[in-house]
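Reader: Please put the model on the screen, and I will ask about its parts one at a time.

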Amino acid sequence: MANLLVFTIITLFLLRFCCGCIEREAHALLLFKAGVNDSAGVLSSWEKERDCCLWYGISYDNTTHHVVAVNVTGFSLSTEMEGIISGSLCTLTFVATLNLSGVGLTGTIPPCFTNLSLLAQLDLSHNRLSGNIPPTLSNLSSLTSLHLSHNELTGSIPSSLSHLYSLTNLRLAYNQLTGSIPSSLSNLSSLAMLILWENQLIGSIPSSLSNLSSLIYLDLSSNQLRGSIPSSLSNLSSLIFLDLSSNQLTGSIPSSLYNLSSLTKLYLYYNQLTGSIPSSLSDLSSLTSLDLSYNKLIGSIPSPLSNISSLSSLDFSFNKLTGSIPSSLFKLSLLTRLDLSNNQLTGNILSPLSNLSSLRFLHLWENQLTGSIPSSLASLSSLMNLALSFNQLIGSIPSSLSYISSLTYLDLAENHLTGCIPDSLGNLSLLEVMFLSDNQLNGTLPPSFSRLSSLTYLNADRNSFSQDIASSTLPFMLEFLELSLNNHQIISELFFHNLSKLSYLSLSNCVLNSSPTWIPSFQLRRLHLTSCKVVDGQIPSWISTQFSLEELQIADSNLVGEIPSWLQDMRLRYINLTTNHLHGDLLLNTSAWKAIEVVDMSNNALFGQIPLIWPPHIQFLLLNDNWLTGNIPPSMQVNSSLQVLNLENNHLNGKIPSSIANFSSLQILNLGNNNLGGMIPSEFGELSQLKSLVLKNNQLSRAFPPSISNCTKLLFLDIGQNLLKGQIPNSIGNLLHLQVLAARKNNFEGSIPTEIGQLKHLQILDLSSNHLSGSIPHNIFNLQAMLIESKEGFIRVQEYQFDDQFLRKNYLIFTEVFTIMYEDGLNMNSKGRDEHYPYIFSTRIAIDLSNNQLSGNIPSELGKLKGLMLLNLSMNNLNGTIPNSIVQVSQLESLDLSTNQFSGQIPWELGSLSYLQVLNLSNNNLSGRIPQGGHMTTFANSSYEGNPSLWGCPLRRNCSWPDFVPAPPSIYALANEEEQIEDSLWYWIGVGLAYGVGFGAVVLSIVLRKKWREKYFHGVDMVLKYFFPWLHNLKI
C-alpha cells in the first residue's frame, strides 16, 4: 500500500510539470523515429501515448510547451541507428539545440532547416551524410555552433555562411569538400573555432582570415592548400592552436608569427616549406608543441629556441638542417619529445643532453653524427624511445644505458659501433624492440638477454660476432629474430627451445642442423634463410609443422633435390627458393599453394612445362633461369591480378599466346632468351598497366604491332635479337614514359621514326644491326632526358613498388610498401664490344644506331646531349664532317664513328672530352693531322686506321713528321684568331689616340706659354751643344 502511495505522488508530481507537448511537434518527432532503424530501442520511449516530456533526449519549454532541444547522440548510447533526417524536424520552429551526432544518419541535410529561426546549435557530425552543405543555412541568424564534421559532404563551402554573424564554432572537418576557403569567412567576427581539416580544399590560405580577431583555434590541415603562409596570420593575437600541416604550402616560415603570444601548438609538418627556421619563434613563450617536420628547411637549428621554456615536444625531422645540435636546447627541462631525425646534422651527441630529465622520446637517426654514445644518457630516467641509427657513431655501446629502466625501444643500427654487447643491457626489463644490426659488434649475445622479459623484436644482423651465438639463451617472449652469423656456425634445435612465441625468424650465414623428427614449439609466420646451409641439403622437414607459415625464403643455400610435396600443401602466400640447385617438375598448379601470391624459384634447375592452371591468387611469378620446356599454354587460367611474369632464360618454344593479354594487371613481362617464334600478339596493346616488356633473343618474326603504343605506362621495351621486320611504327612516339628502347639485331627497315624525338624520358636508344636507311632525324638529339649533364640522372627502371596490403599488414613493421627489384638485362655495344648489363646502371645513357644503312650528316644538334655517355654510329653510310658541336657532349665515354664516309679534319677540341675512354674513327675519309691535345694520342692505332689522308701520332709511332707543320685549325680556332685580330686593332688605335692626346697637350702648352717655350728651346740648345756639337755649329 505504501509503494502505491509513493508511485501516485511521483506521477502527480510529473504531471504537474509535464502538461503535454504541442501535438504537431510530437507528431514531427514520431515521423523522424519512423525514418530510422532503431533496432536497439533507443527511442522506445517515443510513444504517442506518453507525454513527450518523458521522451529520451527531448527538452521543452514549461511555459510554451514547445520543444526547445533534441539531443539524440550516438556517443552516449554506444550504439548507432541508421536512417535519414526527416524533413518533419523542420516544423520544430522553437528548437534551439539539434544534436543528432554519431547516430549513423545518411542522405542529405534538409534545406528546410532554414525554417528553424531560433536554432543556436546544430550538430550533425559523425554520420554518413552526403551532398552539399545547403547555402540556406546562412538564414539561421541565431546559430552560434555549426558542427558537420566526419560525414561525406561534397561541394564547396558556401560563402553565404559568412552571414552567420553570431557563429563562434564552425567545424566542417573530415568530409570531401572541394574548392577554396571563402575569404568572406573573415566577416565572422565572433568566430573562435575554425576547423576544416581532412578535406580536399585547394587554393591559398586567405590572408583575410587575419580579421578573425576572436579566433583561438585554426585547423586547416590535411588539404591541398598551396602558396605561402600569410604573414597576416600573426594578427590573430588570441590564437592558441594553429595547424596547417599536410598541405602543399611553399615559401618560408613567416618570422612575424612571433606575435602569436598565446600560441601553444604550432604544426606545419608535411609541407614544402623552405628557408631557415626563424629565430623569432623563440618569442612564442607559451608554446608547448612545435612540429616543422617533413619540409625542406635548411640552415642550423636556432639556439634561441631554448627560451621557449614551456616547450614539451619539438620535431624538426625530415628536413635538410645542418650544423650541430645546439647545446642550448638542453635547457628545455619540460621537453618530453625531441625528434631531429633524417637531417644532415653533424658533430657529437653532447653530454648535456642528459639535462632533459623529462625526455621520453629521442630520435636522432639518419644524420651524420660522429663520436661515441655518451654514457650520460643514463640520466634520462624517463626515456622510453631512443633511436640513433644511420649515423657514424663509433666506440662501444655504453653499459650505462642499462640504467634507463623505462626504455622500451632501442635502435643503434647502421653505425660503426664495436666491441661486445654489454651484459648489463639484460637489465632493461621493459625493452620491447632492439636494433643492433649493421655494426661491427663482436663477441656474442650476452647471457643476460634471457632476462629481457618484454623483448619481442631483436635484430642483430650483419655484425662481426666471433663467438658461438648458437649457445646463447634468448628471451622467451621473443617474436621477431634477425641474426647473421659468421663462419657458418651450426644452429641446432636447442637454440630455439625457449622461443615458443617466435613468429618471424631470419637467419643468414649459418648451418642448420636438426633431427628429422624435430617439432618446434613455435609457429612461424615468416621464415627467411639466406646463405644458410642445411646439413642434408634438403628443405628442412620441420617446416611442414609450421601451419601458420605465410612467407618462406630459403635463398642461395645450396638446396638440392626436388620440391617436397608437403610444401605445396601449406598455406603459403610468399615463397622464395631462388639461387639453389633444386630440380624436378615445377608442379605449379591450382591444387598447390592455394593461397600463394608471390613465387620466386628463379636460378634453379627445375624442368617440365608451364602449367595450364595456376594458383588462383598468384601475383608475382619468377621462374627465370631454369630448364622449363615446351609451349606456353595458349589458354592459361591465371588470376587477372598477376603483376609480374618472368620466364627468361629457359627453353620455351612455340608461339607467345595472345591470352597473356587477359592478365589485365600485368606490369612486368619477361620472356627473353627462349626459343619462342611467331609474331608478337597485337593483343598485348590491351595491357594498360605494363611497365616492362622483354622479348629479346627469341625467334619472333613479322612486324612489330603498332598496338603496343597503347601501353602508355611502358618504361622498358627490349625486343632485340629477333627476326622482326617491316618498319618501326610511328606510334612508338605515344610511349611518352619510355626510358629504354632496345630493338637491336632485327630486320627493321625504312627510316627512323621522327616521333622517337617525343620520348622525353628516353635514356637508352638501341636500333643497331637492322636495315634502317635515310638520315638521322634531327629531333633524336633533342631527347630531354639526355640533355642533363649529370652522372646521377638516371631513374632506375627496375625499381617497382607494389602496394600489397597483406605484406604491409603481416610482414612489414616499419614500412608500408612491398618493393621488388626487377633486374632487366640489356645487351649493348659498349667500348668496342658487345656487353650484357644485368642491371640498368645510372651511367648508361646511350644511343646506338650502328650497323644500318643510314646516310647524310650527323645533325649539329648532337651537341645538346650533354648527358650522353655512349654514341655508336659505326657501319653506316654517313658522310660530311664530324660536327664540332660534339665537343659539347661533356659526359661522353665511348664514341664510335667507324666504317662510314666522314671526311675533313678531326675536331681539334675532341681531346677536351675528359671522360672519353673509347674512340673509333677508323675506315673513313678523314684527313689532316690527328689532334695532339688531351689524351687523343693515348688511343691505339686501330682508332684511326683506314683513313689514307690522316697522319700524326699515334697513327705512326715514330711521329717523325716535321715540327714546323702547323696543326689544322678548327672552326673554333679560326673564330679565336679573328677575335685576336680584332682585339689587336683596337689596341693600336687606343695607343695612337693616347700618344696623340699627350703630344698635342705638350705642344699646345709650349705654343701658348712664352716662359715654357723659352725653357724648352733652351734645353734643346744645351742638348745639341753637349751631345751633338757639330750640329750645334751649323747655321740655318
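Reader: Where is the place of His-150?

Author: This is a predicted model, in which local features need pLDDT of at least 70, side-chain atom pairs count only at pLDDT 80 or more, and totals for chains, interfaces and linings use all residues. Residues are numbered from 1 along each chain as its sequence is written, and side-chain values use heavy atoms, with hydrogens and water left out. Strands (E, at least two residues) are DSSP runs, numbered from the N terminus. His-150 is placed in the loop between strand S9 (145-147) and strand S10 (152-153).

Reader: What is phi of His-150 near?

Author: Most residues other than glycine have a negative phi. His-150 has a positive value although it is a residue other than glycine. Its phi is near 60°.

Reader: Is His-150 buried, partly exposed or exposed?

Author: Buried means under 20% relative accessible area, exposed over 50%, and partly exposed in between, with a 1.4 Å probe and protein chains only. The relative accessibility of His-150 is 25%, so this residue counts as partly exposed.  Thus the answer for His-150 is partly exposed.

Reader: In which loop does Glu-198 lie?

Author: Glu-198 is a residue other than glycine with a positive phi, near 60°. At 33% relative accessibility, Glu-198 counts as partly exposed. Its loop is the one between strand S12 (193-195) and strand S13 (217-219).

Reader: Which cysteine does a disulfide join to Cys-90?

Author: A disulfide is a pair of cysteine sulfur atoms within 2.5 Å, and the structure holds 1. Its S to S distance is 1.9 Å, and the residue joined to Cys-90 is Cys-112.

Reader: How many residues apart in sequence are the parts that the pair of Cys-90 and Cys-112 ties together?

Author: The link of Cys-90 and Cys-112 is right-handed, with 60° about the S-S bond. Cys-90 lies in the loop between S4 and strand S5 (97-99), and Cys-112 in the loop between S6 and strand S7 (121-123), so the parts tied together are 22 residues apart in sequence.

Reader: Is Cys-90 buried or exposed?

Author: Cys-112 counts as partly exposed at 25% relative accessibility. Cys-90 has a relative accessibility of 5%, so it counts as buried.

Reader: Which residue in S4 does Val-36 stand opposite?

Author: S1 and S4 run antiparallel. In S4, the residue opposite Val-36 is Gly-83.

Reader: Which residues form the uncovered face of strand S36 (residues 605-608)?

Author: In a regular strand the side chains alternate between the two faces of the sheet. The covered face of S36 has Leu-606 and Gly-608, and the uncovered one has Ala-605 and Phe-607.

Reader: In S38, which residue is the bridge partner of Phe-607?

Author: Strand S34 (residues 581-585) pairs with S36 in the parallel sense over 3 bridges, and Phe-607 is the bridge partner of Asp-585. S36 also pairs in the parallel sense with strand S38 (residues 627-631), over 2 bridges. In S38, the partner of Phe-607 is Trp-627.

Technical notes
Two strands pair if DSSP finds at least two bridges between them. Helices (H or I, at least four residues) and strands (E, at least two) are DSSP runs, numbered from the N terminus.
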